[in-house]
Amino acid sequence: MRRSTAAAVGTLTGAALILGVRLSVQPPDAPVATAPVAQEQDQVEPEETGEPAPEATSTKKPSGNKKTTPPAEEEEAGLKAGTYKGKAVTNPYGTVQVTIKISGGKISSADATYPTKDFSGTINPNAVKKLSEATLAAQSADVDTVSGATFTSESYVQSLQAALDKAGA
Amino acid sequence: MGTVVSIEIADDLPDPQLGELVSSTCAWLHEVDARFSTYKDDSEVCRFRRGEIALADCSDDFRLVLDRCSDLWRDTDGFFDAYAGGPLDPSGYVKGWSVEVASSRLLAAGSRRHYISAGGDIRMRGAGPGGRPWRVGVRHPWEADKLSWVLELTDGAVATSGTYERGAHVFNPRTGTAASGLRSVTVVGPDLALADAYATAALAMGEPGLAWLAKRIDEGYESAAVTDDGRAFTSPGLPVAS
């Protein structure tokens, strides 16, 4: 909270003005880069594409069509076509197991089983399935501002302030 | 803790009024800093810590902040903890709250279109440049110059907590060890203070935080999270730019 004016001074440029430091704004049309990708491929069980095997103790739920996530454009070299079931991961609310389908070297769908039994009354059984998983994609885009974890040191702020002072902002 | 605050006002207003809006915002943030800084010996927080002032004698704002911190401690199963480091440190709530207040004051003073970003936690109102929604990038947790998602909002808040910038500065209060499992958590919702606190709490929880975040959807808080091993999760209502 200190030195909060540091970036809140700037140039007045016309009707719509920009005051302060614009956080890193990416140039448009930069190439899409690949991101670290971690597939849950333990216990890989290639199957025929089609209906993934049902779980004995839980109900399969679609995890959404990933329409809210960036398209997976990574080249998944070495990913063989088929359906793969991920490791069953247990969390305090039960066990989640993801099944992915690979076609054309890419993940074409990702579904997961979620616990639907034995939820306590305080836990919404529909909640756990609401976050859908995708592989992380890195992209560049034209944005107004960036949200991220930041650690701005006091020295950084002081240096910024000095630079702004020098600039006569 | 030093934090850089950026203010952008998109209203078509005369320059003197715009200057006044920014000045008053800065004055408010400095006032908050003077009262809540854990680095300033004469701040209300430090005087309260030393027992020099009783709670009843503290300002309304101070008591409000303390109330909200204890609400959050309860609502996050203890993962948001203003006493995590020992003595009272309400900074995790104060940052978002002060920006919320600043944005409300800007609105009352005539600015319907603006955003305020405090160290990457952002509150925005109205339409952005050109009348389109504000476009907010979510920083990629491994590549600082890349984005994981681009969000579009008119009114609302975006807060991100991550382990990638400061290392292990978020602790799991249950285990006393550094938070692990999630590398980055972004929460989008109506109130920046809550969005920020939720993001931090989920980060502290690790992967169980994903299920916890899912339960915030019904309260109006959407989320995106990246695990330590690079899996990305989004809630269906996340306002991702198409």
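Good morning. A residue is counted as buried here if 20 or more other C-beta atoms lie within 10 Å of its own. I begin with that criterion because one residue, Asp144(A), has 24 C-beta neighbours inside 10 Å and therefore counts as buried. Please keep in mind throughout that this is a predicted model.

Where does Asp144(A) sit in chain A? Its place is in the loop between strand 7, residues 132-135, and strand 8 of chain A. Setting aside neighbours within four places in sequence, Asp144(A) makes contact with Gly128(B), Pro129(B), Trp134(B), Arg135(B) and Val136(B).

Let me now turn to chain A as a whole. The secondary structure of this chain consists of eight strands and one helix, and along the sequence the order is β-β-β-β-β-β-β-β-α. Chain A has 169 residues, of which 36% count as buried. Among its contacts with a separation of 6 or more, 65% are between residues 24 or more positions apart.

The confidence in chain A requires some caution. Its mean pLDDT is 49, and 13% of its residues reach 70 or more. Over residues 114-128 of chain A the pLDDT is below 50, and in the model this stretch has 25 contacts beyond near neighbours in sequence. Residues 1-77 of chain A also stay under 50, while the model has 182 contacts for them beyond four places in sequence. Where pLDDT is low, the predicted coordinates should not be read in detail. Which strands of chain A mark the lowest and highest confidence? The lowest is strand 1, residues 17-19, at a mean of 29, and the highest is strand 8, residues 145-147, at 91.

Three strands form an open sheet with mixed pairing, in the order 8(A)-4(B)-5(B). Strand 8 of chain A and strand 5 of chain B, residues 147-153, stand at the edges with a single partner strand each, so one side of each is left without a neighbour in the sheet. From one strand to the next, the twist averages 35 degrees.

The two pairings in this sheet can be taken in turn. Strand 8 of chain A runs parallel to strand 4 of chain B, residues 134-139, and three bridges join them. Within that pairing, Thr145(A) has Val136(B) as its bridge partner. Strand 4 of chain B also pairs with strand 5 of chain B, in the antiparallel sense and over six bridges. There, Gly137(B) stands opposite Val150(B). Strand 5 of chain B is mostly covered, with six of its seven residues buried.

A further set of pairings involves strand 7 of chain A. This strand pairs with strand 9 of chain B in the antiparallel sense over four bridges, and Thr135(A) has Arg231(B) as its bridge partner. Strand 9 of chain B is also joined to strand 8 of chain B, residues 222-227, by three bridges, and these two strands run antiparallel. Val226(B) is bridged to Ala232(B). The two chain B strands form a hairpin with three residues between them, and Gly230(B) in the turn has a positive phi of about 90 degrees.

In a regular strand the side chains alternate between the two faces of the sheet. In strand 9 of chain B, residues 231-234, Arg231(B) and Phe233(B) point one way, Ala232(B) and Thr234(B) point the other way, and all are buried.

Helix 1 has 22 residues and, at 1.5 Å a residue, should span 32 Å; its end C-alpha atoms are 31 Å apart, which agrees. Its buried residues include Leu18(B), Leu21(B), Val22(B) and Thr25(B).

An α-helix has 3.6 residues a turn, so residues three or four places apart point the same way. Just after helix 3, Asp77(B) takes a positive phi of about 55 degrees.

Thank you for your attention.

Methods: Residues numbered from 1 in each chain as written. Chains lettered and ligands numbered in written order. Predicted model: local features only at pLDDT ≥ 70, side-chain atom pairs only at ≥ 80, totals over all residues. Buried ≥ 20, exposed ≤ 12 C-beta atoms within 10 Å, placed from the backbone. Contact = placed C-beta atoms within 7 Å. pLDDT = per-residue confidence, 0-100. Pairing = 2+ DSSP bridges. Axes fitted to C-alpha atoms, helices over the stretch in contact; angles between N-to-C directions. Expected span 1.5 Å × (residues − 1).
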